Amino acid sequence: MATPKQSYEQHQQQTNVQRVRNSGMINVNQSPMRDDKEEEMSRSALAMFRAKEEEIERKKMEVRDKVHAYLGRVEEETKRLAEIREELEGLTDPLRKEVAMVRKKIDSVNKELKPLGQTCQRKEREYKEALDAFNEKNKEKAQLVTKLMELVTESEKLRMKKLEELSKNVDTLN
C-alpha cells in the first residue's frame, strides 16, 4: 500500500505527464501567455520527472552496489568456511583411523577377556572349595591334636601315678 507522500508524488507525476502531453496541442481559447506558462510548467514537470528518475537510478545503483558488496562478503565467507571444513576433515581423518584401530584392539581384548574371566571364576570357585576343604581338615586336625594332647597328658598322669606307686612299692621293699 502506498504512503500519502508516495500517492501525492504519483499524482504530481501524472499531472505533469498530462501537461506535457497537452503541451503539443493548441487550444483555440488559450492565449500565448498561457502557452508560455504551460510550457514553463511542462519544462518544470519534465525537470522534476528527470530529477526523480535520476534519484531512482542513483538509489538503484546504491542498492546494486550494496548487494554486490554483500555478495562479495558472502562469497569470501563461503570460501573461508570451505577452507575451515577442509582443515577439520584433515584433522579428523588421522584421528578417526587411530580411534578405529584402538576400538578394534579393545574388541579383540574383550574377546580374550571373556574366556579368561570364566576361567578365573571357575578357578576362584575351585580355590574356595579347596580352601573350605583345607579349613575343614585343618579344624579336624586341630581337634585331633587337642584330643592327642589330652590323651598324652592323661597318659603321662597315669604313668606318673604308676611310677609313684612303683616307687612307693620299691621304697617299702627297702
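The legends below describe an overview and close-up views of a predicted model.

Local features in this predicted model need pLDDT of at least 70 and side-chain atom pairs count only at pLDDT 80 or more, whereas totals for chains, interfaces and linings use all residues. Residues are numbered from 1 along each chain as its sequence is written, and side-chain values use heavy atoms, with hydrogens and water left out.

**View 1. Overview of the protein, with 2 helices and 0 strands.** Helices (H or I, at least four residues) and strands (E, at least two) are DSSP runs, numbered from the N terminus. Helix H2 covers residues 32–173. Of the 174 residues, 2% are buried; buried means under 20% relative accessible area, exposed over 50%, and partly exposed in between (1.4 Å probe, protein chains only). The accessible surface is about 16,700 Å², and 57% of this surface belongs to carbon and sulfur atoms. Areas come from the Shrake-Rupley method with a 1.4 Å probe; for residues, only the protein chains shown count as cover.

**View 2. Salt bridge between Glu 75 and Lys 79.** A salt bridge is a side-chain nitrogen of Lys or Arg within 4 Å of a carboxyl oxygen of Asp or Glu. The whole structure has 8 salt bridges. In this pair the closest N and O atoms are 3.8 Å apart. Both residues belong to helix H2, 4 residues apart, about one turn of the helix. Glu 75 is partly exposed, at 48% relative accessible area.

**View 3. Salt bridge between Arg 122 and Glu 126.** The N to O distance is 3.9 Å. The two residues are 4 residues apart in helix H2, a separation of about one helical turn. Glu 126 is partly exposed at 41% relative accessibility, and Arg 122 is partly exposed at 38%.

**View 4. Salt bridge between Lys 137 and Glu 140.** N and O are 3.9 Å apart. The spacing here is 3 residues in helix H2, about one helical turn. Lys 137 counts as exposed, with 56% relative accessibility, whereas Glu 140 is partly exposed at 38%.

**View 5. Nonpolar surface patch that includes Val 67.** Patches are made of residues with over 30% relative accessible area and no salt bridge; like charges are joined within 9 Å and nonpolar side chains (Val, Leu, Ile, Met, Phe, Trp, Tyr) within 5 Å. The members are Val 63, Val 67, Tyr 70, Leu 71 and Val 74, which together have about 450 Å² of accessible area. Val 67 lies in helix H2 and is partly exposed, at 42% relative accessible area.

**View 6. Surface patch of negative charge that includes Glu 89.** Glu 83, Glu 86, Glu 87 and Glu 89 make up the patch. Lys and Arg count as positive and Asp and Glu as negative; His and the chain ends are not counted. The place of a charge is taken as NZ of Lys, CZ of Arg, CG of Asp or CD of Glu. Glu 89 is in helix H2 and is partly exposed at 48% relative accessibility.
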